[in-house]
Amino acid sequence: MMRWGLIGASTIADEWMVGAIRAVGDAVVGVISGNEARARAFAQRHALPQAGTRLEDLDAWNIDAVYVSSTNDKHEAQVLYAAARGWHVLCEKPIATTLDAAHRMVQACADAKVVMGTNHHLRHNSAHLKIRELVRDGRLGRLVAARVHHAVYLRAQLQGWRVSDKAAGGGVVMDIAVHNADSLAFLLGEYPVEVQAMVSTTGMAQGMEDHALSLWRFPSGLIATTHQGFTTPYARVGLEIHGTDGSVHGDGILHQRADGDLSLHNAEGTTAITLDRTNLYERCLQNFHRAVRGEPHHLADGQAGLRSLAVALAVLESAHKGQAVTVRYA
Ligand code: NDP
């Protein structure tokens with residue numbers, strides 16, 4: 001059983017992570033927020049024994065780990081604080097707003113010998129696990145292309161810093177392209193080396209993009225299209241991997257809920273693949289436990305968070321320059 005401190009009285013902690021932490025048998029000890037009233041209200045809503053407004057408040061809570069879900073610009077200082085105290089860290093994506101910050105965070109956790117996980121929940125979807133197996137077993141033949149359809153509608157409650165505050169890490173690329181990078185890396189076993197992107201502002205975001213399309217080239221030669229958006233309530237969400245011997249279609253599998261359908265298409269026809277509906281965040285935490293115990297796991301670690309951020313930054317750079325760019329991971 002691990003004892004967790006929450007850093008950030010956020011929507012994701014409220015709606016998903018408190019429940020997931022408890023569901024895997026851990027305890028949520030308290031929450032830190034920049035706003036005292038919000039901290040207290042959050043703690044009361046979830047019956048947490050502690051609420052605080054400073055990172056130092058965590059010191060007295062006897063915790064093993066922190067879950068960081070503040071705005072993206074704040075993650076670095078909070079993760080460095082936790083690492084310095086020897087607490088394991090589960091950090092939200094994107095783990096930072098710059099690659100330098102991400103490196104410092106990963107290094108600090110490595111130096112402190114604590115686990116740093118990134119909450120890339122999608123790789124814990126049963127669909128992702130099955131696709132990964134099909135790819136690894138060679139069922140699709142030589143892999144040729146991937147398509148990620150990840151344009152959604154950002155609900156009103158979340159139309160704050162994400163669409164108005166670049167410094168906080170807003171914009172659809174930072175928000176969603178990181179997930180797409182992690183999903184493809186988890187499924188394919190490789191990260192893109194080159195990206196070419198276009199972004200647009202379609203009525204919701206101010207001073208930043210709320211829509212982006214990009215092309216990614218992988219070391220194996222596979223090319224992928226990724227589409228991320230905040231303003232399309234009726235767009236289909238899903239992911240496809242195409243090979244010379246088969247294609248796999250995941251429809252509706254890129255949500256917070258464990259939903260959607262998966263099918264394999266090949267010379268034998270179409271086969272529906274049965275999915276389990278395990279809560280993605282709970283499976284993420286189970287993998288976090290395995291990482292803490294030093295066992296094999298599927299957790300996206302700090303390095304995975306750094307690499308998904310690097311891809312998102314390359315997408316933004318490409319859109320800005322109007323040309324293809326090499327993804328810089330170091
Ligand atoms: P929120 O906007 O809900 O929360 C972010 C911060 O905003 C909180 O830490 C809080 O600050 C502040 N805040 C929250 N509610 C209010 C309010 N009513 N008025 C003023 N400030 C408020 O963001 P999300 O929960 O959507 O995202 C938080 C992090 O989690 C981000 O890094 C995001 O990218 C990530 N995320 C990840 C998801 C996943 O599936 N992995 C899904 C959704 C988000 P304070 O810390 O001071 O309390």
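Buried means under 20% relative accessible area, exposed over 50%, and partly exposed in between (1.4 Å probe, protein chains only). This is a predicted model, in which local features need pLDDT of at least 70 and side-chain atom pairs count only at pLDDT 80 or more, while totals for chains, interfaces and linings use all residues. Residues are numbered from 1 along each chain as its sequence is written, and side-chain values use heavy atoms, with hydrogens and water left out.

**View 1. R217 and E194 form a salt bridge**. A salt bridge is a side-chain nitrogen of Lys or Arg within 4 Å of a carboxyl oxygen of Asp or Glu, and here the closest N and O atoms are 2.9 Å apart. R217 lies in strand β9 (residues 211-217) and E194 in strand β8 (residues 194-200), so the pair ties together parts that are 23 residues apart in sequence; strands (E, at least two residues) and helices (H or I, at least four) are DSSP runs, numbered from the N terminus. R217 is partly exposed at 42% relative accessibility, as is E194 at 27%.

**View 2. R155 and E15 form a salt bridge**. Their closest N and O atoms are 2.7 Å apart, and the pair links distant parts of the chain, R155 being in the loop between β7 (143-151) and α6 (172-188) and E15 in helix α1 (residues 11-23), 140 residues apart. R155 counts as partly exposed at 33% relative accessibility, and E15 counts as partly exposed at 36%.

**View 3. R257 and D259 form a salt bridge**. The closest N and O atoms of this pair are 2.9 Å apart; R257 is partly exposed, with a relative accessible area of 47%, whereas D259 counts as buried at 18%.
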